[in-house]
Amino acid sequence: MTEEFSGLPKPRRYLAILAISFGTALVAIDSAIVAVALPTIARDLGVPPSSAVAIVTIYQLVFVMTLLPFSALGSRIGLRRLYQYGQLTFCIASALCFFAKSLPFLIVTRAAQSLGAAAALSVSSALIRSTYPAARLGRGLALNNIVVSSSSALGPTLGGLVLGFASWQWVFAAAVPLGLISLSIGRRSLPEPVRRNEPYDVLSAVLCALTFGLVIGGLESSVHGDSPVVSIAIIAAGAVIGFIFVRRELEAKEPILPVDLLARRDLSLSIGGAILAFIASMLVLLSMPFRLQETFGYSPGEVGALISPWPIGMMAFGPLAGILSDRIPARILGGIGMSVATIALMLIAFLPADAEHFSIAWRMALAGAGFGLFLAPNARLVVGAAPPHRAASAGGMLSTTRLIGQALGATIVAALLAANLGSGSTPAVVAAVLTFGAGMCSVVRKPQTR
């Protein structure tokens, strides 16, 4: 990789890192904190729990629909400008949640929150690339992964603490101070916004949103027991629009869906490996609570403690992988990480019938370590290999990949549970097959030139 950029000067670089870290934590905590409050919200608003789940669903749906269009917009109006507009939108929408007296109003404010979060996250990887010297990009992405994983782990605990002392409306505002800090620090420290005088393809943005919205919405519809015919029709409509969208993008100079970048073998393999890895992690993390309670008889509190070694393993090995990825080829680190994860997942699949706490915990930690070794180097390759003016598109594609993988993983878990296979060893075995595939995607990539 050619070192094209030396990063921001010190100490401005450190202030920019703080601003990005606080902004990342804002989005990550909000994504994880709300689930804890759903039963309370359902009771307070007088709606069934199944309806309250729409508070989470609408957030995910708007996120995946708008992430790539926002990343393309950021390249035109300036990364810092869009990043801070997104944070401001999120904070205003959070304040409006205090006035929610009905589920429809709360869903609208959650959609607005998601718009703000998507705008910020769509350009965060590109901002990281503009902040760090090229030789330290892997460390920067590793630090960002630590912020995401630690904030996601903190979210449920913080949500429970807030509910113990205040009404559920405060759950939506718990992370807002992080956004305000990021806004104040980042106003002068983040890289200067660079506008590009190129027209924004509004039609492609709409087609992109419809493609992801209909496909993911159809999958969600099938999971929640709606008519199979209706669900298939929604997915089919999304596929048709997606076909038109991709055909249009193939002719675009700088497409919203970065098909030009995906045409590069190393980047397409990295994106494909990431999807497989995110599906695998979602398979295990969603199915293990059922298995631990129904098969092993652990209490909900014990289940939380037994699953927590997974994110702890990621936090422990993510920084190491980021540092090493500046010196060791990402394809090698990724292959090692997914090999470790595959072994760990097979050990999880075939847990002994009398498995004790430690026996389960170290397997979960080993799996998390494997994913930590894979994700940061993989992200470095995707963001670092793209041309500088396409870094936002590459980062947006990487974030969209995570959302798609999580949605597909949740759908597969629901299908396995419906087939009475979700609380046994099957999810972990399927996940092991997927991580093996992700590892193969990593090792067959071409060696990078430095």
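The largest nonpolar core holds 81 residues. Here, a nonpolar core is a set of buried Ala, Val, Leu, Ile, Met, Phe, Trp, Tyr and Cys residues joined through side-chain atoms within 4.5 Å. Buried means under 20% relative accessible area, exposed means over 50%, and partly exposed lies in between (1.4 Å probe, protein chains only). The residues with the most contacts inside this core are Ile-41, Ile-55, Phe-63, Leu-106 and Phe-172. Helix 1 (residues 12-45) gives the largest share of this core, 15 residues. Helices are DSSP runs (H or I, at least four residues), and strands are runs of E of at least two; both are numbered from the N terminus.

The model is predicted: local features need pLDDT of at least 70, side-chain atom pairs count only at pLDDT 80 or more, and totals for chains, interfaces and linings use all residues. Residues are numbered from 1 along each chain as its sequence is written, and side-chain values use heavy atoms, with hydrogens and water left out.

Leu-106 was examined for its contacts (heavy atoms within 4.5 Å). Leaving aside residues up to four places away in sequence, Leu-106 touches Ile-41, Leu-45, Ile-55, Cys-97, Ala-100, Trp-168 and Phe-172. Thr-109 lies in helix 5. Thr-109 counts as buried because its relative accessibility is 4%.

Helix 4 (residues 79-96) gives the most to the patch, with three residues. Phe-105 sits in helix 5 (residues 103-131). Phe-105 has a relative accessible area of 33%, so this residue is partly exposed.

Four aromatic pairs were found in the structure. Rings of Phe, Tyr and Trp (its six-membered ring) pair if their centres lie within 6.5 Å; planes under 30 degrees apart count as stacked, over 60 as edge-to-face and the rest as tilted. The rings of Trp-310 and Phe-371 have centres 5.2 Å apart and planes at 35 degrees, so this pair is tilted. The pair links distant parts of the chain, 61 residues apart. Trp-310 is in helix 14 (residues 309-325), and Phe-371 is in helix 16 (residues 357-385). Trp-310 is buried, at 2% relative accessible area. Phe-371 is buried too, at 2%.

Side chains of opposite charge can pair when their charged atoms come close. A search of the whole structure gave one salt bridge, defined as a side-chain nitrogen of Lys or Arg within 4 Å of a carboxyl oxygen of Asp or Glu. Asp-201 and Arg-248 form this bridge (3.1 Å, N to O). Asp-201 lies in the loop between helix 8 (176-189) and helix 9 (202-223), whereas Arg-248 lies in helix 10 (residues 228-250). Asp-201 is partly exposed, at 25% relative accessible area. Arg-248 is partly exposed as well, at 32%.

A cis peptide bond joins Lys-10 and Pro-11, with omega about 0 degrees. Pro-11 is in the segment before helix 1.
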